Amino acid sequence: MEKVTIYTKYNCVQCKMTKNFLEAQGIAFKEVNIEEETQYVDELKANGYRQTPVVAIEGMPSFSGFRPDVLKKISA
């Protein structure tokens with residue numbers, strides 16, 4: 001089971017960069033496209049997020065945007 005979930009949208013450059021970074025590091029993740037699964041939009045907004053990607057990592061605070069500094073801390 002993946003311990004990383006990425007909430008994405010279509011045509012999101014930072015989403016693509018985040019996914020490419022994790023794939024290059026061999027880190028499994030679950031992708032949730034909020035344009036396909038709209039039930040997550042209100043939840044993300046309620047948590048203060050206004051942009052994608054939103055990255056949720058088990059045992060760490062979630063964040064938005066492309067953050068290679070945080071992503072490097074994930075052990076594969």
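Strand E1 (residues 4-8) is mostly covered, since five of its five residues are buried, where buried stands for under 20% relative accessible area, exposed for over 50% and partly exposed for values in between (1.4 Å probe, protein chains only). Both faces of E1 are covered, with Val-4, Ile-6 and Thr-8 buried on one side and Thr-5 and Tyr-7 buried on the other. From E1 the chain crosses through H1 to E2 in a right-handed β-α-β crossover, a term for a path from the first strand over the helix to the second that runs clockwise with the strands pointing away from the viewer.

The model is predicted, so that local features need pLDDT of at least 70 and side-chain atom pairs count only at pLDDT 80 or more, while totals for chains, interfaces and linings use all residues. Residues are numbered from 1 along each chain as its sequence is written, and side-chain values use heavy atoms, leaving out hydrogens and water.

E1 belongs to an open sheet of four strands in the order E2-E1-E3-E4, with mixed pairing; strands are DSSP runs of E with at least two residues, helices are runs of H or I with at least four, and both are numbered from the N terminus. Two strands pair if DSSP finds at least two bridges between them. The edge strands, E2 (30-33) and E4 (63-64), each pair on one side only.

| Pair | Sense | Bridges | Opposite residues |
|---|---|---|---|
| E1 and E2 | parallel | four bridges | Thr-8 and Asn-33 |

Helix H1 (residues 13-24) lies across E1, E2 and strand E3 (54-57), running at about 155 degrees to E1. Contact means heavy atoms within 4.5 Å, and angles run from 0 to 180 degrees between N-to-C directions of axes fitted as lines to C-alpha atoms, for helices over the stretch in contact.
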